[in-house]
Amino acid sequence: MNVLAKMICLKNGLELSLRSPTSNDAQLLLDHIRNVFRTSYRNMNQAQHHWDNFPVEKEREILANILQDEGQFMISAFLGERIVGNIACMSAGRGFQEANASVAMGVEAEFHGMGLGTELLNYVFEIAKSLKYHRLQLTVRTFNNAGIALYEKMGFRRVGELEEIAFIEGQYFNEYMYEKIL
Ligand SMILES: CC(C)(COP(=O)(O)OP(=O)(O)OC[C@H]1O[C@@H](n2cnc3c(N)ncnc32)[C@H](O)[C@@H]1OP(=O)(O)O)[C@@H](O)C(=O)NCCC(=O)NCCS
C-alpha cells in the first residue's frame, strides 16, 4: 500500500518527510540500504556487499509490487532528496494467523539516537492498525543494544531466543524474538 506523506521533526530540529518509497525512489532506497550496510551489516540479514550490485530495475519492481499489495508497506524517511531511514511491514501469516505482520528497519548511522527509529515505528503502528493487523513481530541479534532498547521502549515484549540462528563471518549468533499486540 501507499502510505501518505507525514512531516516529522527529529530531536535536533531536523525536518523529515515519512512516506512510502515509489518506483521512482528505487535508486535513493538502494543508496540508503548500502549506507546502512556499510556500518551495520552485522545487524542485518545479508552480507556487507550484498546490495552493491543489486540492479535498480529489480528494486523498482519490488517497490511497485509492495505499493500494489494492500497487506504490506514500506515507509522511508526523506531528508530532501535523500533517504536516511526505512522500515518495512510485511504480512507474516495466513488463515487464523493473518493478523500478524513482521517489521524490519534501518536508520543511517549519522542519524542514530535522534528519535527517527521511534517515529518510524509509531507510524508503522498507526498504519498497521488501519490495515487490521493485531500483532507485530521481529527478531534482533542479541548484541544489537540500540535495536533492543528501541523495541523495548516501543512496547515490544521479548518472547524467546533463537539459538545460533545467524552465521556471520565464521561465528554463530543468537537473536531475540519480540512481539507487540497493537
Ligand atoms: C536500531 C535503530 C533502528 C535505532 O534507531 P534510532 O533512530 O537510533 O532510534 P531512536 O533514536 O528512536 O532511539 C530509541 C531509543 O533507543 C535507545 N538507544 C538508541 N541508541 C542506543 C544505543 N546505541 N544503545 C542503547 N540504547 C540506545 C535510546 O534510549 C532511545 O530512547 P530515547 O528516545 O528515550 O532516548 C538504529 O540504531 C539502526 O538502524 N541500527 C542499524 C540497523 C539495525 O540495527 N536495524 C535493526 C535490526 S533488528
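Biologist: Of the contacts in the chain with a separation of 6 or more, how many come from residues 24 or more positions apart?
Modeller: Those residues account for 60% of them. Bear in mind that this is a predicted model.

Biologist: OK, and what's the order of elements from the N terminus on?
Modeller: The chain goes β-β-α-α-β-β-β-α-β-α-β-β. That comes to four helices and eight strands. The radius of gyration is 16 Å, close to the 16 Å the globule rule gives for 182 residues, so the chain is as compact as a globular protein of that length.

Biologist: What box do the C-alpha atoms fill?
Modeller: Roughly 40 × 40 × 35 Å, taken along the principal axes. As for burial, 29% of the 182 residues count as buried.

Biologist: Let's look at α2. Which of its residues are buried?
Modeller: E59, L63 and I66. Down the axis of α2, the buried residues fall within an arc of 60°, so they line one face of the helix. In general, an α-helix has 3.6 residues a turn, so residues three or four places apart point the same way.

Biologist: What do those buried residues pack against, and what's on the face turned away?
Modeller: They pack against α1 and β3 (73–79). The face turned away from the buried side carries the exposed residues E57, K58, N65 and Q68.

Biologist: How far does α2 reach from its first C-alpha to its last?
Modeller: 19 Å for its 13 residues, 56–68, which is close to the 18 Å expected at 1.5 Å a residue.

Biologist: You mentioned β3. Is F73 in there buried or exposed?
Modeller: F73, which sits in strand β3, counts as buried because it has 22 C-beta neighbours inside 10 Å.

Biologist: What does F73 touch, leaving out residues up to four places away in sequence?
Modeller: M1, V3, S20, I66, C89 and I127. I66 is one of the buried residues of α2. There's also P21, which is 52 residues from F73 in sequence and 9.3 Å from it in space, C-alpha to C-alpha.

Biologist: Now α3. What span should its 15 residues have?
Modeller: 21 Å at 1.5 Å a residue, and the end C-alpha atoms are 21 Å apart, which agrees. Its buried residues are L116, G117, E119, L120, L121, Y123, V124 and A128.

Biologist: What about phi of E169?
Modeller: Near 45°, again a positive value in a residue other than glycine. E169 is in the loop between β7 (157–168) and β8 (171–181). With 9 C-beta neighbours inside 10 Å, E169 counts as exposed.

Technical notes:
Residues numbered from 1 in each chain as written. Predicted model: local features only at pLDDT ≥ 70, side-chain atom pairs only at ≥ 80, totals over all residues. Helix = DSSP H or I, 4+ residues; strand = E, 2+ residues; numbered from the N terminus. Expected span 1.5 Å × (residues − 1). Buried ≥ 20, exposed ≤ 12 C-beta atoms within 10 Å, placed from the backbone. Arc of directions from axis to C-beta. Contact = placed C-beta atoms within 7 Å. Rg over C-alpha atoms; globule rule 2.2 N^0.38 Å.
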